[in-house]
Amino acid sequence: MPKRVAGWPLTRPREVLASFTFRLALLYAVLLAGSVVILLGFIYWSTAGYMARQTDATIEAEIQGLAEQYRRRGLSGLTTLLAQRSAKRPTGAGVYLLADSKYRPLVGNIDAWPDVEPDRDGWIDFRLRDAADAGAALGEEHAARGKVFRLRGGLRLLVGRDVRELASIRGLIRDALGWGLAMTVALALAGGWLMSAGVVRRIEAVNQVGREIMEGDLSRRIPTDGSSDEFDQLAVNLNRMLGRIEALMASVRQVSDNIAHDLRTPLSRLHTKLSQLRDMDLGPDAAKGVDEAINDAEELLSAFNALLRIARVESGSRRAAFADLDPVVLVHDVAELYEPLAADKGQHLDVAPTASDSAAVLHLHGDRDLLFQALANLLDNAIKYTPPGGHIQLRAEAAVGGGVQLSVADSGPGIPAELRGKVLQRFYRIDASRSEPGHGLGLSLVQAVAHLHGAQLLLTDAAPGLRVTLVLPAAPTPPGQKPHQEA
C-alpha cells in the first residue's frame with residue numbers, strides 16, 4: 001500500500017517559480033488585474049467624472065442666470081446680483097469676480113484674478129486661498145474651477161465653483177482604486193503561489209518515486225493523501241500499473257530462474273558423460289570435438305549458476321549471513337586471488353590501503369562471500385578489458401557522510417555514459433565486449449549484491465577507463481559500544 005502524503009512540506013521557491021502552474025497562475029493574475037483596472041476605471045469615471053460634469057453644469061446654469069440679468073438690468077443689475085451672491089460663503093459655494101480691462105477686481109468674493117490662461121472654451125482650473133473668515137486656517141489653498149467671459153467695455157467676468165470636495169472625493173476614489181488593485185494582485189499572487197506549491201509537491205512526489213523505480217526499486221509506490229481528487233486517482237492508477245509491471249518483472253525473473261534450475265541438472269549430467277567419453281580411446285578429431293562440447297557445457301553451467309546466484313541474492317535470504325568484517329582485508333584477499341592473472345597480462349594491480357596501514361581502520365557489516373564475489377567480478381572485468389601494461393586500482397576507503405566505499409578502476413576502454421545503466425541488465429553486453437568470453441551477468445550480480453546491502457552502485461569515468469564504486473552504509477554500532485572514531 002502506498003503511504004499517504006505527509007503534512008505540507010516546505011517547497012523550494014525556485015521550484016515553484018519555475019513551475020508551469022505558477023506561470024499559469026501568474027497569467028491569470030495579470031488577466032484578473034487587468035479586469036480589475038478596467039472595472040475600477042469605469043467606477044472612477046462614472047463617479048468622479050459624473051461629479052465633475054455636474055459641477056460644470058451648475059456653473060453653466062449660473063452663467064445663464066447672470067447673462068439673463070445682464071440683458072434685463074444691465075451692468076448695474078449684474079453688479080448688484082454679484083455682490084449679493086458673493087456675500088454667501090457656504091461650503092461648495094460659487095466663485096464670482098467682475099474685473100476691469102486690466103483685471104483689477106470690481107466686485108466678487110475673491111481678491112485677485114487667477115493667473116491662469118483659459119482654454120478654448122473659456123474654462124480655467126485654479127487655486128483659491130481661504131480668507132480669515134472662512135472658518136479654515138488662513139492661507140490654506142484648495143481647487144476651484146470656473147469660466148471666463150468678456151463683457152462690453154473690456155470688462156471680464158469669472159463664474160466658478162469651489163471644487164475642494166470634488167478633489168477630495170477624487171483622491172479617496174483613487175486611493176481606494178490603488179489599494180483595491182494592490183490587494184487584488186497580492187491575493188492573486190498568493191493564491192497562485194499556494195496552488196503552485198501544492199501542485200509542485202504532488203508532482204515532485206511522482207518524480208521522486210519515478211527516480212527510485214529507475215534506480216531499481218520496483219516496490220516503490222506513489223503516495224496519496226486520501227482526497228480522491230484527480231491527483232489521487234492518477235496516483236492510484238499509476239500504482240496499479242507499477243504493481244502490474246513489478247509482477248511481470250518478477251514473473252520474468254522467476255521463469256529465467258526456473259529455466260536455470262531445471263536445466264542445470266541435465267547439463268551437469270551431459271558434462272559428466274562428455275568427460276567420461278573424453279577418457280575413452282578416441283581419435284584426435286573426436287577428442288577435440290568432445291573438449292569443445294565440454295567447454296560449451298561448462299559455459300552454459302556457469303551462466304545458469306550465475307542466474308541462480310543472482311536469484312538467491314535478490315530474494316534477501318542471505319541477510320542472515322551478515323557479519324562485521326574488515327574491508328581492507330577483503331580487498332587484499334580479492335587482489336591476492338587475481339594478482340597472478342593480472343601479472344600474466346603485464347598489468348599493474350594497485351591495492352589501497354596497504355595491509356600494514358594502521359591508520360586505515362574501516363568497518364563493514366555484510367555478507368563476506370557475496371562482497372568477495374562482487375569485487376571478484378569487477379576485478380575480473382577490469383583485467384579482461386584492460387590492455388597489457390595497463391593499470392588497475394582496487395581501493396577501500398571511508399565514504400563521504402559515513403560508511404565505506406569499495407572501488408575498482410582500470411585504464412581500459414571504459415563504458416559510454418549512455419550505456420552505463422544498460423550494462424547492469426542481465427545478458428546485456430556492449431558490442432565491443434562480445435568477442436570476450438562471458439554472459440553479461442557479472443554486473444547484474446554486483447547490482448544484486450549492492451541492493452542486498454543497501455549500497456549504491458556507481459559507474460563513472462576513470463579518465464581513461466571505468467571506475468565502479470560500491471558505497472556501503474556504515475556498520476551498526478553494537479549495543480554498549482561507542483561508535484568508532486576515524487583517525
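**Rings and helices up close**

Q: At 14% relative accessibility, does Trp 113 count as buried or exposed?
A: A quick note on the model: it is predicted, so local features need pLDDT of at least 70 and side-chain atom pairs pLDDT 80 or more, while totals for chains, interfaces and linings use all residues. Residues are numbered from 1 along each chain as its sequence is written, and side-chain values use heavy atoms, without hydrogens or water. Buried means under 20% relative accessible area, exposed over 50% and partly exposed in between (1.4 Å probe, protein chains only). With its 14%, Trp 113 therefore counts as buried.

Q: Which residue forms an aromatic pair with Trp 113?
A: Rings of Phe, Tyr and Trp (its six-membered ring) pair if their centres lie within 6.5 Å; planes under 30 degrees apart count as stacked, over 60 as edge-to-face and the rest as tilted. The structure holds two such pairs. In the tilted one, with centres 5.4 Å apart and planes at 55 degrees, the partner of Trp 113 is Tyr 103.

Q: How do helix 2 and helix 3 run, roughly parallel or roughly antiparallel?
A: Helices here are DSSP runs (H or I, at least four residues), numbered from the N terminus. Helix 2 (residues 20–86) and helix 3 (residues 164–214) pack with axes 9 Å apart, at about 170 degrees. Axes are lines fitted to C-alpha atoms over the stretch in contact, with angles from 0 to 180 degrees between N-to-C directions. Under 35 degrees counts as roughly parallel, over 145 as roughly antiparallel, 65 to 115 as roughly perpendicular and the rest as oblique, so these two helices are roughly antiparallel.
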